[in-house]
Amino acid sequence: MSEASSQGARMSSVSTTHSAQLTDLFLREQASCQALLETVEAERHAIKSLAIGEFHSINVRRIAVLEELRSITDARDRVVRQIAEAAARPGSLTSLHSLLDRWQGPEGARMRRHYDVLMTTAKRVREEIKLNVVLIENFRGFIEQALAAGASAMTDGKAYNRSGKPASIHPMSTVVYQQG
């Protein structure tokens, strides 16, 4: 029997006691990723509807989910270390990836499926966050253009910035309107 297959069989018998813990952690992590995705979708709705007041509650929920994800990741790392120690291979099973690569049999295949579903959800969360960033940047650009157009129409060439020089049309300028 090769070393890899003897290690796989040994891991299967040892890891079976930990598989329930790892399965539970994968399912909790999947649920947390789904909750994170819901906060991203709520954020997108708030962005599109310009509901600025909703951002605080969305961010509070997001922080709670991220803290939960950190806790789950720490617990998962502990279980992986326990499995490695039980398999008498602490140096060779230092990560979840190496464990999943070496875990043989139907239980290992089931764990890899859980992990694949989790990674698919995590990838979707990242993609949705990127879409929100683009949406925010587009709104920011639109607002800057609107402010610039409004500033030039409002000042009629009689505005001054903080240094006393004629104000540019830049929306971030502090504008003092000339009177008299």
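Predicted model: local features only at pLDDT ≥ 70, side-chain atom pairs only at ≥ 80, totals over all residues.
View 1. Helix α1, which covers residues 3-48, contains E43. Apart from residues up to four places away in sequence, E43 touches F55, I58, R62 and N132. With R62, the contact is also a salt bridge between side chains, at 3.4 Å from N to O. R62 belongs to helix α2 and E43 to helix α1, so this pair ties together parts of the chain that are 19 residues apart in sequence. R62 likewise counts as buried, because its relative accessibility is 15%.

**View 2. The salt bridge between R76 and E29.** Seven salt bridges are found when the whole structure is searched, and one of them joins the side chains of R76 and E29, with an N to O distance of 2.4 Å. This pair links distant parts of the chain, since R76 lies in helix α2 and E29 in helix α1, 47 residues apart. R76 counts as buried at 10% relative accessibility, and E29 counts as buried at 7%.

**View 3. Helix α2 along its length.** Helix α2 runs through residues 55-86, and its 32 residues reach 46 Å from the first C-alpha to the last, close to the 46 Å expected at 1.5 Å a residue. The buried residues of α2 are I58, R62, V65, L69, I72, A75, R76, V79, V80, I83 and A84, a list that includes the arginines R62 and R76. Just after α2, A88 takes a positive phi of about 55 degrees.

**View 4. The largest nonpolar core and the contacts of F26.** The largest nonpolar core has 21 residues, and those with the most contacts inside it are L22, F26, L96, L99 and M111. Two or more residues are given to this core by each of α1, α2, α3 (96-102) and α4, with α2 giving the most, at seven residues. Which residues does F26 contact, leaving aside its neighbours within four places in sequence? F26 is in contact with R76, L96, M111, H114, Y115 and L118. Among these partners, L96 and M111 are also listed with F26 as having the most contacts inside the core, while R76 is the residue whose side chain meets that of E29 in a salt bridge.

**View 5. The salt bridge between E137 and R140 in helix α4.** E137 forms a salt bridge with R140, and the closest N and O atoms of the two are 2.9 Å apart. Because they are three residues apart in helix α4, E137 and R140 are separated by about one helical turn. E137 counts as partly exposed at 39% relative accessibility, and R140 is partly exposed as well, with a relative accessible area of 43%.

**View 6. A nonpolar surface patch that includes L147.** F142, I143 and L147 make a nonpolar surface patch of about 310 Å². Of these residues, L147 is placed in helix α4, which covers residues 105-155. Is L147 buried or exposed, or does it count as partly exposed? L147 counts as partly exposed, because its relative accessibility is 45%.

Terms used
Residues numbered from 1 in each chain as written. Heavy atoms only, no water. Helix = DSSP H or I, 4+ residues; strand = E, 2+ residues; numbered from the N terminus. Expected span 1.5 Å × (residues − 1). Buried < 20%, exposed > 50% of the residue type's maximum accessible area, 1.4 Å probe, protein only. Patch = residues over 30% accessible without salt bridge, like charges linked within 9 Å, V, L, I, M, F, W, Y side chains within 5 Å. Areas by Shrake-Rupley, 256 points an atom, 1.4 Å probe, with all protein chains shown as cover. Salt bridge = Lys/Arg side-chain N within 4 Å of Asp/Glu carboxyl O. Contact = heavy atoms within 4.5 Å. Core = buried A, V, L, I, M, F, W, Y, C linked by side-chain atoms within 4.5 Å.
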